[in-house]
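Hello,

Here is the structure I promised to pass on to you. Please open it beside this email and look around before you read on.

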Amino acid sequence: MREVAVVGCGMTKFGELWSQSLRDIFVEAALKAIDDAHVDHIDSMYVGSMTPGLFIGQEHIGALMADYLGTASIPAVRVESACCSGGMAMRLGYFEIASGHSEIILVGGVEKMTDGADVTYALATAADQEYEVYHGITFPGLYAMIAKAHMYKYGTTRKQLAMVSVKNHHNGAFNPNAQFPGEVTVEQVINATMVADPLTVLDSSPVSDGAACVILASMDAASKLQIPLIKVLGSGAATDTFALHAREDITALKAVQLSAKAAYEMAKVMPTDINFAEVHDCFSIAEICIIEELGFTDKGKGGSFTEQGRTALEGPIPVNPSGGLKSKGHPVGATGVAQIVETVEQLRGAAGKRQVKNARIGLTQNMGGSGASSVVHIFALQK
Amino acid sequence: MPSPRYHREIPQRYRLEAAKCKECGRMSFPPRRVCSNCGAREFEMTKLSDHGKILTYTTIRVAPKDFENQVPYNVAIVESENGVRVTTQVVDCKPEDLEIGKRVKFVFRKLYSEGHTGIICYGYKAVLI
Ligand SMILES: [Zn+2]
């Protein structure tokens, strides 16, 4: 397979973008990425989106976006894997270049969640309708049950959960695209409105509109562009039992572990080689489980690792320098691509006040449902 | 929910019917065509034990529309005595009564109704014993 580089990136601000439509925000992010890469065409397009059909009644958005980007005629398709639709779109785009089929393509993600749809219902379609949702469970509820089990098995504390949100809001305060850039305290997180015990609204990522895009190119095509190249070192994806209750260990996110293992092997790097990571903190407990599965700390130690500041912006392995889903916002289909946008900016040394020191190798981890699908990518600045 | 879709799940929701792999003995609930443990495709019909224990739980305070009139309500992952795990409400108790490891029994209850003219949805719930 050929080597692939990320040569351009762009995103909209995340938030309640009521003056813009689904196509508006996608095209805004796509044009930013195209202009950033200085490319004059794209060969094809992958659009990650979870459920535009339920959010705004619009399907078939691969063709819609190609048309409004002024590129009608190129192959364009929507990719869906719940909340990791964006990360999976990246994986398919990566293989299209790596296989030698295309030279320059666009990978994007988009979601419009605040146009008035029943968001709880739409998101719940990523869980088992007949055997989870039928019984009244919600996504916060599923992650709350993971949190309870993690606290019981490993002694993870309520404060440690809150520290994830405190850290991510601190980082997000430096991100001009973040939906909720304000700082929060441990007390504010713990005393916020309870959603599903023990998780409060400040343990939870928000409902957001937003889009993010990157341009991928073969090394041949990339080297002709006078820009810093971010090489894709590895791509891994995996699945797990669909329903949370069917897992042998409710605190384990096996798809995350397997997708990371595949990406590490392909990239020929170890967890200790990673300088920073953007991970899927849809709820505070998710980040704690994910950093364990990525091998940044031992199983069960994610809470204390966070509490000790090891994942802070100044710590040995900064996690979610962008502010993560919690502070930056979580337009579900856009999230996986926005993680890559942040990683590119960090590796270019262009992340401003949230810049990670000595950022040479970055990892992105994007997850669907309660962990039934996960995708991991590893990137490095090409010297 | 359209009635054919509801009707299809009745054996599981009303009677806890499950499938047991003839090759390795793993129970599937709901039944599957392929055993998730050994890949075999031959099953015999059986039932979940109606006794089990709580593996983890939560109390839902922000609910989907159909369940809004029930908040707060408890949901748990329960492991039946024959090793199958399900997501289910735990009722007839307060949130503070729940604990990991506590024993429960499945009972047949109404889960929710679909508006004023929709179907009434039934199924299993758990109660503490
Ligand atoms: Zn079997």
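Below I go through the contact between the chains, then two places inside chain A.

First, some housekeeping. This is a predicted model, in which local features need pLDDT of at least 70 and side-chain atom pairs count only at pLDDT 80 or more, while totals for chains, interfaces and linings use all residues. Residues are numbered from 1 along each chain as its sequence is written, chains are lettered from A and ligands numbered from 1 in the order in which they are written, and side-chain values use heavy atoms, with hydrogens and water left out.

**Where the chains meet**

Chain A and chain B bury about 2,700 Å² between them, 57% of it on carbon and sulfur atoms. Buried area here is the accessible area (1.4 Å probe) that two parts lose on being put together, summed over both. Tyr131(A), Tyr134(A) and His135(A) supply 31% of the area that chain A buries against chain B, more than any other three residues. In the contact (heavy atoms within 4.5 Å), 28 residues come from chain A and 35 residues from chain B.

The rule finds 4 salt bridges across this interface; a salt bridge is a side-chain nitrogen of Lys or Arg within 4 Å of a carboxyl oxygen of Asp or Glu. You can look up the one between Arg5(B) and Glu130(A), at 2.7 Å from N to O. On the side of chain A that touches chain B, helix 6 (139-154) and strand 5 (194-196) of chain A are the elements that give two or more residues. Helix 6 of chain A gives the most, with 6 residues. Helices (H or I, at least four residues) and strands (E, at least two) are DSSP runs, numbered from the N terminus.

**Strand 8 of chain A**

How much of strand 8 of chain A is buried? Of its 10 residues (230-239), 8 are buried, meaning under 20% relative accessible area (1.4 Å probe, protein chains only). Strand 8 of chain A runs antiparallel to strand 11 (residues 373-381) of chain A, joined by 9 bridges, and Ala238(A) has Ser374(A) as its bridge partner there. Strand 8 also pairs with strand 1 (residues 4-11) of chain A, again antiparallel, over 2 bridges. Two strands pair if DSSP finds at least two bridges between them.

**Glu292(A)**

Finally, find Glu292(A) in helix 11 (residues 284-293) of chain A. Glu292(A) is buried, with a relative accessible area of 5%. Beyond its neighbours within four places in sequence, its contacts include His150(A), Asp298(A) and Lys301(A).

Happy exploring!

Conventions. Buried means under 20% relative accessible area, exposed over 50%, partly exposed in between (1.4 Å probe, protein chains only).
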